[in-house]
Amino acid sequence: MSWYSILPPLIAILIVFWRKEVIMALLVAVASSEFLLALQGDGNTLFNTFINTIERVVSVASSPGNSRILIFSILIGALLAYIRESGGVAATVNMLMNKGVAKSKRQVGYLTMFSGIAVFIESNLSVLTAGILSRGLFDKFKMSRARLAYIIDSTSAPVCILILLNGWGAYVLGLLGNYEMSESAVSVLWGSIGYNFYAIITLLIVFYTISFDKVHGPLKKAEEQLEHQKTELQEEVKGTKARYMLVPLITLIGSMVGFMYWSGDGDIASGSGSKSVLYATILACVVAYFLMVSSRQFTHHKLVDIGFKGMGELLPLVAIVLLSLTLGASLKDLGTGVFVASLVGDFLPLYLVVPVLFVTGAVISFTTGTSWGTFAILIPIGVPLIQALGLPPSLVIAAILGGGVFGDHCSPISDTSAVSAIASGCDLLTHVKTQMPYALFAGGLTFVAYLVTSIIVL
């Protein structure tokens, strides 16, 4: 793999921060990646670049797993529109405040964080549940949607990688199962929990942010801008019944668990996250539809209009999700992740191997926009290092997992960032800009923690 394989993601990131245009940045990055791939073949390079870019988008969209993610991202718009227009959001906000569950910023923050933790079974469902539940509350207490996006994004993946009874755990176990180590794959994975410093530190920072109502950097500016604005709560729709929001939300969570159990043939951890979250979202939309029809305040035609309007509001973000997935597939063929991983050489002192694996995982995840793809690239590199150098298996695996999540939290081309923006109703670039300082701080502390641990253990 050559050095030029790193150019497409760098181009995307530069355009994002220069022009503030995510869709254009992703399109240029995909086209440049396909151009580099076309150079390796024969014929008209420019023509092949144009055709291959289109075909790459088509192939990614036609993948069953990716199609489910895209349809789910669109349908979330309909679900959000239904619970908003029904008056369920305003009613739920009023109910939670009246019951004393959400009477302050701190209580609202705890509710958001712990609802995300409770739904640890799937990262998209975690951000979605916490985002839907807390949108109206954040508006009520004049807290920015950027803060909401930060809390739900920085809660979901760390929790999923610490509480491994989910698809994340099953996926990593599958990768580890291909190798023979002194310990079983299960014991290595469970042992990694205590060493996953990035996930632990990130959750502690989220807890600090909520407990002390303190925000810093760009997130503080976002909060100050909100305070100077005349806040118009999305209460153009007056509160009606809380059930119009809570019943679809409970349906979403309950059916997600059920579909994970069903698609995993009785084993929740082996279930399909993309299938389950799509089926659960559709079922929640159907329940919300029938609740609103039965109220006799909405006709079928009115609900169809509301649903399509809600879907339309999310189309730009859905396009970003599609192009992020497309860029990841193109960079995989180009070998970007493998090239970055190859920079971890044998010349490193033993105590630097684990910290450098963490940083390498972050760089791969940041430049490719995928944490799971990072795991797939680095675990086959990390396990031979464990076998050859006698490194603690759980420590190495934890560094790889933490690095993947860290890079994903910082990346403007990550599909996870886009889904978090969808769930919170926040602009994607605002979310990335406000979350990055927190992620970098946690990442810096994690690097030091791995360095100190490696010196002590090795």
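Q: Buried means under 20% relative accessible area, exposed means over 50%, and partly exposed covers what lies in between. With that in mind, why is Lys142 called partly exposed?
A: In this predicted model, Lys142 has a relative accessible area of 35%. That value falls between the 20% and 50% limits, so Lys142 is partly exposed. You will find Lys142 in the loop between α7 (123-140) and α8.

Q: What makes the phi of Lys142 worth a look?
A: The phi angle of Lys142 is near 55°, a positive value in a residue other than glycine. Asp265 is another case: its phi is positive, about 55°, although Asp265 is not a glycine. Asp265 sits in the loop between α13 (243-263) and α14 (273-294).

Q: Is Asp265 buried or exposed, and how do you know?
A: The relative accessibility of Asp265 is 74%. The limit for exposed is over 50%, so Asp265 counts as exposed.

Q: What makes Glu223 a buried residue?
A: Glu223 has a relative accessibility of 6%. Buried means under 20%, so Glu223 counts as buried. Its place is in helix α12 (residues 218-228).

Q: Which residues does Glu223 touch, not counting residues up to four places away in sequence?
A: Glu223 touches Lys142, Met143, Ser144, Arg147 and Val215. Lys142 is the loop residue we began with, between α7 and α8.

Q: How many aromatic pairs does a search of the whole structure find?
A: The search finds 18 aromatic pairs.

Q: Why is the pair of Tyr198 and Phe406 called tilted?
A: The ring centres of Tyr198 and Phe406 are 5.2 Å apart and their planes stand at 40°. Rings pair if their centres lie within 6.5 Å, and planes under 30 degrees apart count as stacked, over 60 as edge-to-face and the rest as tilted. At 40°, the pair of Tyr198 and Phe406 is therefore tilted.

Q: What parts of the chain does this pair link?
A: Tyr198 is in helix α11 (residues 197-212) and Phe406 is in helix α19 (residues 393-410), 208 residues apart, and the pair links these distant parts of the chain.

Q: How do you know whether Tyr198 and Phe406 are buried or exposed?
A: Tyr198 has a relative accessible area of 1%, and Phe406 has 11%. Both values are under the 20% limit, so both residues are buried.

Q: What makes the pair of Tyr289 and Phe290 edge-to-face?
A: Here the ring centres are 5.2 Å apart and the planes are at 85°. Planes over 60 degrees apart count as edge-to-face, so that is the name for the pair of Tyr289 and Phe290. Phe290 has a relative accessible area of 52%; the limit for exposed is over 50%, so Phe290 is exposed.

Q: Which residues do ring pairs link into a cluster?
A: The cluster holds Tyr195, Phe197, Tyr198, Phe358, Phe406 and Tyr450.

Q: How do you know that Arg243 lies over the face of Tyr244?
A: Arg243 is at 5.5 Å from the ring centre of Tyr244. The distance limit for a charge over a ring is 6 Å, together with a limit of 35 degrees from the ring normal, and Arg243 is listed as lying over the face of Tyr244.

Q: Why are α8 and α20 called oblique to each other?
A: The axes of helix α8 (residues 145-162) and helix α20 (residues 415-424) come within 9 Å and cross at roughly 130°. Roughly antiparallel needs an angle over 145 degrees, and roughly perpendicular runs from 65 to 115, so α8 and α20 are oblique. Their crossing is right-handed.

Q: What makes α1 roughly antiparallel to α2?
A: The axes of helix α1 (residues 7-19) and helix α2 (residues 22-39) come within 8 Å and cross at roughly 160°. Angles over 145 degrees count as roughly antiparallel, and that makes α1 roughly antiparallel to α2. The crossing of α1 and α2 is right-handed.

Definitions and conventions: Residues numbered from 1 in each chain as written. Predicted model: local features only at pLDDT ≥ 70, side-chain atom pairs only at ≥ 80, totals over all residues. Heavy atoms only, no water. Phe/Tyr/Trp six-rings, centres within 6.5 Å; stacked < 30°, edge-to-face > 60°. Helix = DSSP H or I, 4+ residues; strand = E, 2+ residues; numbered from the N terminus. Buried < 20%, exposed > 50% of the residue type's maximum accessible area, 1.4 Å probe, protein only. Axes fitted to C-alpha atoms, helices over the stretch in contact; angles between N-to-C directions. Parallel < 35°, antiparallel > 145°, perpendicular 65-115°, else oblique. Left-handed = near helix turned anticlockwise from the far one by under 90°. Contact = heavy atoms within 4.5 Å.
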